[in-house]
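Please keep the model open while you read this note. Each point covers one part of it.

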Amino acid sequence: MVNIPLLLMGCGGWPASSSTTSSPAGTSIPNRFLAFFPPPCIQSAFYFTSLFLGLQMFQGVMLRVVGVCDSKSMVAVPDVLTSHLDDEFLLKLCKVKSSGSSLQELGNFGGCQVFSGQEIARKVMEFAATLRKLSGLALVDCSASTQTVELLGQAVNLDCCVVLANKKPLTSSLNDYDKLVSQPRRIRHESTVGAGLPVISSINRILSSGDPIFRIIGSLSGTLGYVMSEVEGGRPFSEVVNTAKRLGYTEPDPRDDLGGMDVARKGNNNFDHLHASIGNYAKSGSILVPIKTYNGYQFSRCEVGIQEVAKDSALGRLKGSDNVLEIYSRCYSEQPLVIQGAGAGNDTTAAGVLADILDIQDLFRH
Ligand SMILES: NC(=O)C1=CN([C@@H]2O[C@H](COP(=O)(O)OP(=O)(O)OC[C@H]3O[C@@H](n4cnc5c(N)ncnc54)[C@H](OP(=O)(O)O)[C@@H]3O)[C@@H](O)[C@H]2O)C=CC1
Ligand SMILES: N[C@@H](CC=O)C(=O)O
């Protein structure tokens with residue numbers, strides 16, 4: 001049986017005003033499948049931590065959560081070889097996080113160990129070193145922090161796998177990027193672009209078939225899409241931004257979305273060596289519709305900015321938090337390959353993270 005030990009860095013996604021009826025704390029969620037057929041009160045209960053509820057066995061794969069971190073602490077199993085954080089523990093953890101508290105509150109629950117400060121990195125590396133020759137370990141970064149980068153790099157050196165929803169590790173410095181992608185089979189970051197949409201995997205598939213991509217145009221901000229649609233409908237901007245945050249569309253700091261930096265990071269995640277574009281973009285001021293253009297096989301240029309589009313085009317018809325991407329290649333030259341759907345939100349992002357984890361299962365077969 002495939003056994004994937006998981007260490008979850010970041011356990012957020014809770015709505016700012018979560019109530020007991022809309023969080024796992026107030027519901028009994030037997031497993032993640034409910035998230036696909038949700039009664040309204042459970043709909044918003046599907047976030048990064050609750051993703052693993054009831055998932056100890058999923059599609060024949062044993063998903064064994066051995067630790068969860070927030071910004072201050074890590075809770076971890078006492079014995080990384082034999083134990084995992086079970087549903088009772090994860091539900092309790094969801095309850096603590098949805099109430100806005102720190103994981104430190106879990107100190108005496110279920111025999112877990114709580115670490116803080118530099119002890120966290122030490123413990124993660126201990127886990128990685130212990131597991132590397134046995135089952136392996138996957139670090140799942142669902143934070144929005146740059147502080148995880150160093151640890152991820154060290155873990156990659158110990159042959160760990162890395163799954164990212166966090167865009168920052170791949171967009172902070174070229175050294176970090178090169179280190180993290182040095183073993184391409186061991187890293188997955190689909191959710192960093194378009195949340196659960198199959199963007200990076202589709203592009204990789206086209207390129208690896210020898211079909212050169214000439215141009216990609218898209219609208220890749222769920223937040224900006226939603227904000228524009230709602231403002232067009234007459235709602236005040238400030239109210240709409242607050243709703244976008246509550247719905248889980250925005251970055252922890254919504255200015256990253258509104259200023260366009262989030263889209264620039266997505267461009268950078270997709271294709272390396274585009275830091276100059278990010279720098280220029282960051283200075284360019286307010287952005288309404290994010291458009292990305294890649295010219296040529298080497299993606300020599302990436303632009304993020306406002307562009308007028310025809311109302312009857314795929315981009316012009318876009319509504320709400322949907323993203324759309326048009327890919328032009330030799331095979332898709334007249335009519336582009338179009339990828340469209342929800343591009344932000346906790347559930348689709350969590351689904352993308354889970355799909356990435358399952359995609360690396362071959363590396364855990366021994
Ligand atoms: N929401 C979406 O639609 C999408 C989100 N993403 C990405 O997912 C990531 C998470 O977003 P979201 O869940 O909304 O953000 P939240 O702010 O809700 O959650 C972030 C989590 O990361 C934790 N954290 C912060 N710093 C660290 C650290 N140094 N080490 C470990 N954990 C840390 C926070 O801890 P604490 O609770 O203590 O604050 C919190 O639990 C972001 O990088 C975002 O870009 C990607 C695609 C789509
Ligand atoms: N904040 C992002 C979420 C996904 O990355 C967005 O609005 O698209």
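1. Contacts of G67. Start with G67. Setting aside residues within four places in sequence, G67 is in contact with L7, M74, V75, A76, V77 and F127. The model is predicted, so read every value here as computed from that prediction. G67 sits in strand β3, which covers residues 61-69.

2. Burial of G67. Is G67 buried or exposed? G67 counts as buried because 25 C-beta neighbours lie inside 10 Å, and 20 or more are needed for that label. Look next at V80. G67 and V80 are 13 residues apart in sequence. Their C-alpha atoms are 8.9 Å apart in space.

3. The β3 and β4 hairpin. β3 and β4 form a hairpin, with three residues between them. The two strands pair in the antiparallel sense, over three bridges. Find C69 and you will see M74 of β4 standing opposite. M74 is also one of the contacts of G67.

4. The faces of β4. Strand β4 spans residues 73-76. Which residues of β4 point one way, and which the other way? S73 and V75 point one way, while M74 and A76 point the other way. All of these are buried. In a regular strand, side chains alternate between the two faces of the sheet.

5. From β4 to β5. β4 has another partner to trace. Strand β5 covers residues 113-116 and runs antiparallel to β4. Four bridges join the two. One pair to check is A76 with its bridge partner Q113 in β5.

6. The nonpolar cores. The largest nonpolar core has 56 residues. Which of its members touch the most others? They are L8, V140 and V162. Take V140 as a case. Leaving aside neighbours within four places in sequence, V140 is in contact with L6, L7, L8, M9, V163, V353 and I357.

7. Ligand 1. There are 32 residues around ligand 1. Those that come nearest are G10, G12, D70, S71 and S143. By class, the shell has 11 nonpolar, 17 polar and four charged residues. Which domains contribute to the shell? Domain 1 (2-195 + 347-364) and domain 2 (200-343) each supply at least three residues.

8. Ligand 2. The residues around ligand 2 are A195, S221, G222, T223, Y249, T250, E251, D257, D262, G343 and A344. Three of the shell residues are nonpolar, five are polar and three are charged.

9. A195. A195, one of the residues around ligand 2, is found in the loop between β8 (187-188) and α6 (200-208). Its phi is near 50°, a positive value in a residue other than glycine. A195 counts as buried because it has 28 C-beta neighbours inside 10 Å.

10. Helix α7. Residues 222-232 make up helix α7. Its buried residues include G222 and T223, which are also around ligand 2. L224, G225, Y226 and V227 are buried as well. What do the buried residues of α7 pack against? They pack against β9 (213-219), α8 (237-246), α9 (255-258) and β10 (322-329). After α7 comes G234, with a positive phi near 105°.

11. D159. D159 lies in the loop between α4 (149-157) and β7 (161-164). Phi of D159 is near 65°, which is positive in a residue other than glycine. D159 is partly exposed, because 15 other C-beta atoms lie within 10 Å.

12. F364. F364 is in the segment after α12 (346-359). Why is F364 partly exposed? It has 19 other C-beta atoms within 10 Å, and a buried residue needs 20 or more. Not counting residues up to four places away in sequence, F364 touches V2, N3, I4, S135 and G136. The C-alpha atoms of F364 and V199 are separated by 25 Å. Along the chain, the two are 165 residues apart.

13. The whole chain. The protein chain comes to 12 helices and 11 strands. Of its 366 residues, 44% count as buried. Take the contacts with a separation of 6 or more: residues 24 or more positions apart account for 66% of them.

Key
Residues numbered from 1 in each chain as written. Chains lettered and ligands numbered in written order. Predicted model: local features only at pLDDT ≥ 70, side-chain atom pairs only at ≥ 80, totals over all residues. Core = buried A, V, L, I, M, F, W, Y, C linked by C-beta atoms within 7 Å. Buried ≥ 20, exposed ≤ 12 C-beta atoms within 10 Å, placed from the backbone. Contact = placed C-beta atoms within 7 Å. Near = placed C-beta within 6 Å. Nonpolar A, V, L, I, M, F, W, Y, C, P; charged D, E, K, R; others polar. Domains from an automatic or database assignment. Pairing = 2+ DSSP bridges.
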